[in-house]
Amino acid sequence: MLAGKRILLIIGGGIAAYKALELIRRLRERGASVSPVLTRAAEEFVTPLSVAALAGANVHRDLFDLTAEAEMGHIQLSRAADLVVVAPATADLMARMAGGLANDLASTLLMATDKRVLIAPAMNVRMWTHPATQRNRAVLEGDGILFVGPNDGDMACGEHGPGRMAEPPEIVAAIEAALGAAAGPLAGRHVLVTSGPTHEPIDPVRYIANRSSGAQGTALAAALRDLGAGVTFVTGPASVPAPQGVTVVRVETAREMLAAVEAALPADAAIFAAAVADWRVANAADRKLKKDGTGTPPALSFAENPDILATISQREAGRPRLVVGFAAETDDVIAHAAAKRARKGCDWIVANDVSPATGIMGGSENAVTLLTAAGAETWPRMAKDRVARRLAERIAEALA
Ligand code: C5P
């Protein structure tokens, strides 16, 4: 499935570097060619000779290697690949990527490339959970860097927790997904998914939000990825972690979400599962609001947010072939959803009853009715990831 694909593999200096050897072997078995790059620190863990032998290719080690520069400069090296993979990605490499440093061959290639970059972080659990690394992770996700792992488990340093590098088969699967080379009916398709709530600021420390956990949108993005789609996942501040192997774009407000969605087009399909705030505070303060001692609360006024689903559905140029909205209703579910489908101009609406008695909002199950041009289909109540799988299959059929 990776036949003819060229992977630029940057091996960072961590104990997990030995797994990069198996990764090279598996990639070559699938027909990919691997151009390996070792950081100075990586050479302390694996030898250039064993990497070169397994890759059947020269190992690139030094930015100022003049022979290499004459034959293939670092710019060209970074672009000749179909995908750049960093495994293991150490805390230090992540920090340098997030900061835009280019002080050795690996970091220069990462800055110079015009291809997608997938990283497999590996580090001690405290280093992974350190606020600096988490800040860098968020920056890198925002830059469109793809992540695989880290996993939870026992670490070489004797501690336990998140920080173990993903296993080579998982990294191979993430590489296939990133290249759209995964098998599956959605291979080669780009699908956009919005998810989670939005936060609409009142002042710098307060905001208006809703109870959406992001669970349904997250499950949907994972199901679409599993069918081979390249997924861009635009998410508000959700309480469940974003899926792996998709491009994650984090936003806070409805207006940021619309901008991120427009920037992610073109797409073959767009699924709007986010619980977008209908209104934002029009008079949001740029300083923290204070009690004034008189007992009078501040008066908030509201402005309507853009309707992202309607905006994209009604685009003249570049409208995704299939646009799907959700309708969370507490009464007259199907009638309201059908009216919404017509009003917004989307192709399908996934309607669900979110009255508190159902426990659906924030829960793990969903009971939905799918409304299309052909009519309404009510599905039995099932786990949100089964709803997601079924919907992803229907999307694949529609795009086939
Ligand atoms: O109008 P309502 O919020 O009920 O519509 C729900 C659908 O519209 C969902 O698919 C939601 O993601 C989308 N939506 C949106 N932008 C808004 C409001 C809702 O994309 N501002």
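Residues are numbered from 1 along each chain as its sequence is written. Because the model is predicted, local features need pLDDT of at least 70 and side-chain atom pairs count only at pLDDT 80 or more, while totals for chains, interfaces and linings use all residues.

**Overall build**

The protein holds 14 helices and 21 strands, where helices (H or I, at least four residues) and strands (E, at least two) are DSSP runs numbered from the N terminus. Along its principal axes the C-alpha trace spans about 70 × 60 × 45 Å. The radius of gyration is 23 Å, which agrees with the value near 21 Å that a compact globule of 400 residues would have; this radius is taken over C-alpha atoms, and the globule rule is 2.2 Å times the number of residues to the power 0.38. Buried residues make up 45% of the 400 residues, a residue being buried if 20 or more other C-beta atoms, placed from the backbone, lie within 10 Å of its own.

**An open parallel sheet**

Five strands, in the order β2-β1-β3-β4-β5, form an open sheet with parallel pairing, and two strands count as paired if DSSP finds at least two bridges between them. β2 and β5 stand at the edges with a single partner strand each, so one side of each is left without a neighbour in the sheet. Within this sheet, β3 and β4 pair over four bridges, and V85 has L118 in β4 as its bridge partner.

| Strand | Residues |
|---|---|
| β2 | 33-38 |
| β3 | 83-89 |
| β4 | 117-121 |
| β5 | 146-147 |

**Helix α11**

In helix α11 (residues 254-264), the buried residues are A254, M257, L258, V261 and A264. Seen down the helix axis, these buried residues fall within an arc of 130°, so they line one face of α11; the arc is that of the directions from the axis to the C-beta atoms. They pack against β8, β9, β11, β12, β14 and α12, with contact meaning that the C-beta atoms of two residues, placed from the backbone, lie within 7 Å.

**Around the ligand**

Of the 14 residues around the ligand, F272, V276, I308, L309 and G325 come nearest, a residue being near if its C-beta atom, placed from the backbone, lies within 6 Å. The elements giving two or more residues to this shell are α12 and β16, and β16 gives the most, with three residues.

Definitions and conventions: A residue is buried if 20 or more other C-beta atoms lie within 10 Å of its own, exposed if 12 or fewer, and partly exposed in between; C-beta atoms are placed from the backbone.
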